[in-house]
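Here is a walk through a structure, one region at a time. Keep the view open as you read.

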Amino acid sequence: MNASASTSGTGVDVEIDDVQSGALHPRPVPYVGRFVFLRVDDRDAGRTLLRRLLPSVEGGLPSADPNQDAWVAVAFTYQGLRALGVPQESLDSFPRAFRQGMAARAHLIGDVGESDPAHWEPPFGTADVHVVLSALSPDEARLEKALERARAACQETPGVTVTWQQEVRQLPTGRTTFGFRDGISHPHIEGLGLPGSNSQEAPLKAGEFLLGYPDETGNLPPMPSPDVLGRNGTYAAVRKLHTNVAAWRQYLRAHTSSEQEEALLAAKMVGRWPSGAPLTLSPEHDDAELGNDPHRNNDFLYRENDDRGFRCPAGAHIRRVNPRDATIIGDARMHRLIRRGTTYGPPLPEGVLEDDGADRGLIGVFIGAHIERQFEFIKTEWVNDGNFIGYPGEQDPVAGHHGGTGSATIPEQPVRRRLQNLPGFVVTRGGEYCFLPGLRALRWLAEPEG
Amino acid sequence: MATTSDATSSDQPERPGMKDGVCSEFTVFTEIKPGHADALRRDLAMMADGSADKEARGALEQIGTLHDARHVMFDNDTRHMFASVFDGSWDTYIDDFGKTVIGERFDRVFSHTEGFPGITDPGVKDWFLAHQAPAGVFVSSYPDLTVQQIWKDQRVSEAFQAVLDTPEFRAALDNPANAELLASPAFRRLMEEAER
């Protein structure tokens, strides 16, 4: 459908200093970070914790270069808001998906089989996840500094228990566990003064990513009450995804007969080469210079030169989750997200094809003002199915839960290639829907009467 | 890939309606505003008119998940029924279509019914749900086929029949170099299906 959006109504006044730095911020490169889940026993403990946390949480976009920033972000599950004593009327005003939580939505978004919440890592999907703290930094020193106060706040507040912790850091290769550069694409959001990664993307309305501003439909996103709680907040779907790197390498090896073929097949499944160079701009071979260039590595559309997908297959991972102007059912601009992937666990050494039993993968944070229309839609329609691109039943070759029966179509001349009996390479270990309030809202949560 | 009808009816209370394979039914009953029956009839006639056919086809192509739909006025022009069959769920793309010609067509028709908030209104899904009556029985003769697949099947079938009509194809069949292909089970199945 029509991908070129109207740019009318520019100059929307975003209160960026009231938005948590960790909400809309691109991930630094390199990066190190922590995710911490907390349970609060009662509302007084929760509010005391919040008051102590507040000085650690900054608003706005501190510097022009995101690689220089470190931040701590505070988010809450529905259970967490309840534990904090948020009035029922206010709790009821949150959107259904958030109130139900990700585990309750598992069948909808395809977290079934191995990825079923019954097999999730505790405390994911339980009532023991109330507060979700995250911190990201370009280096360990700044991370420690950013976390210092938050850590003290957690330790010194009775009735607050750390229920889960996860360290994330960029691998020495600078790539994901599967071996590809990530953190490339960032949407262009109107009124932020933060450039998007694709100069050809018309700015998206702020209301796609922040509560309190008009979105792409022209309406305000549904906002919880009271206004002070909702305004300048957003939602984050936080997921722990285990990656089966050995299975990925074995699959590629078994279905190719040379190193070059193997690299090409992997690129056709991902949509980029390991350096980050997109297939649409470099269809034949990797191009490290292109992959390293932030002004070029995401600066492309599909329709004009690659609508049929002979360069980047319509079913490739990056084209599914961000189809840009490609021919699809529906309007891609209604389903944009900020994606912030961070790696956990040790890398599987280069060349190793046998699983070493180590847990490795990513903590994915998917941010937007509309959980159902953005994260859940993308997962169900674009990752778990291919009807929108004319391949009904085909899942994302990388992120899909194939279970050994998956297929993927790769357009080629004279006829398409079709991968069959694809195994799953990714298993969901857990996930939570979180509300990431603005700073005024955090203060209101800490002292609703004040 | 298809979820079972059980999962749809029991686990998704927000999406009532019956499912058979990949598609589901969606039927809405509304009250026609007093004095609007003639205007609604005119709008429906205009949408059904041959001159609007191109727009209608274009709209269907744009939706890409609608198998069929009908608007019916009944009870002495006091009520209106919209009955449809969609791949997946009726509301999957409703936000996407709010700004398109499809949205305009919905707005035009439902503006004659009581309480319709407008297709781009955030409350429109709830309004449709409040007026939906789930079917007691819903069956499809092609439960595995989405609209996209049906369109593709038709295009491929027509193109393949055209190949069968060429003398070059005939010659290729007679060419001993192709004997191996002709003898393969996959190719024999193709020829068999083409005969039907």
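Start with confidence, because this is a predicted model. Among the elements of chain B, helix α1 (residues 5–11) has the lowest mean pLDDT, 35. Strand β2 (residues 23–31) of chain B has the highest, 97. Where pLDDT is low, the predicted coordinates should not be read in detail. Chain B as a whole averages a pLDDT of 88. In chain B, 92% of the residues score at least 70. The model scores ipTM 0.88 and pTM 0.93.

Now turn to a pair of helices in chain B. Two packed helices are described by the angle between their axes and the distance between the axes. Take helix α3 (residues 53–63) and helix α5 (residues 101–110) of chain B. Their axes come within 9 Å and cross at roughly 115°. Angles of 65 to 115 degrees count as roughly perpendicular, and α3(B) and α5(B) are therefore roughly perpendicular to each other. On the α3(B) side, the contact is made by B:Glu55, B:Gly58, B:Ala59, B:Gln62 and B:Ile63. On the α5(B) side, B:Val101, B:Ile102 and B:Arg105 make it. By class, this contact of α3(B) with α5(B) has 4 nonpolar, 2 polar and 2 charged residues.

Next, look at where the chains meet. Here 19 residues of chain B are in contact with 18 residues of chain A. Three elements of chain B each give two or more residues to the side that touches chain A: α1, α4 (94–97) and α7 (147–164). Of these, α7(B) gives the most, with 3 residues. Note that α1 of chain B, with its mean pLDDT of 35, is also the element of that chain with the lowest mean. The residues on the side of chain B that touches chain A divide into 4 nonpolar, 9 polar and 6 charged.

How many residues of strand β2 (residues 71–76) of chain A are buried? The count is 6 of the 6, so the strand is largely enclosed by the rest of the structure. Both faces of β2(A) are covered. A:Trp71, A:Ala73 and A:Ala75 are buried on one side. A:Val72, A:Val74 and A:Phe76 are buried on the other. β2(A) also has a partner: 6 bridges join it to strand β3 (residues 131–137) of chain A. The two strands run antiparallel. Within this pairing, A:Ala75 has A:Val132 of β3(A) as its bridge partner.

Methods
Residues numbered from 1 in each chain as written. Chains lettered and ligands numbered in written order. Predicted model: local features only at pLDDT ≥ 70, side-chain atom pairs only at ≥ 80, totals over all residues. pLDDT = per-residue confidence, 0-100. Helix = DSSP H or I, 4+ residues; strand = E, 2+ residues; numbered from the N terminus. Axes fitted to C-alpha atoms, helices over the stretch in contact; angles between N-to-C directions. Parallel < 35°, antiparallel > 145°, perpendicular 65-115°, else oblique. Contact = placed C-beta atoms within 7 Å. Nonpolar A, V, L, I, M, F, W, Y, C, P; charged D, E, K, R; others polar. Buried ≥ 20, exposed ≤ 12 C-beta atoms within 10 Å, placed from the backbone. Pairing = 2+ DSSP bridges.
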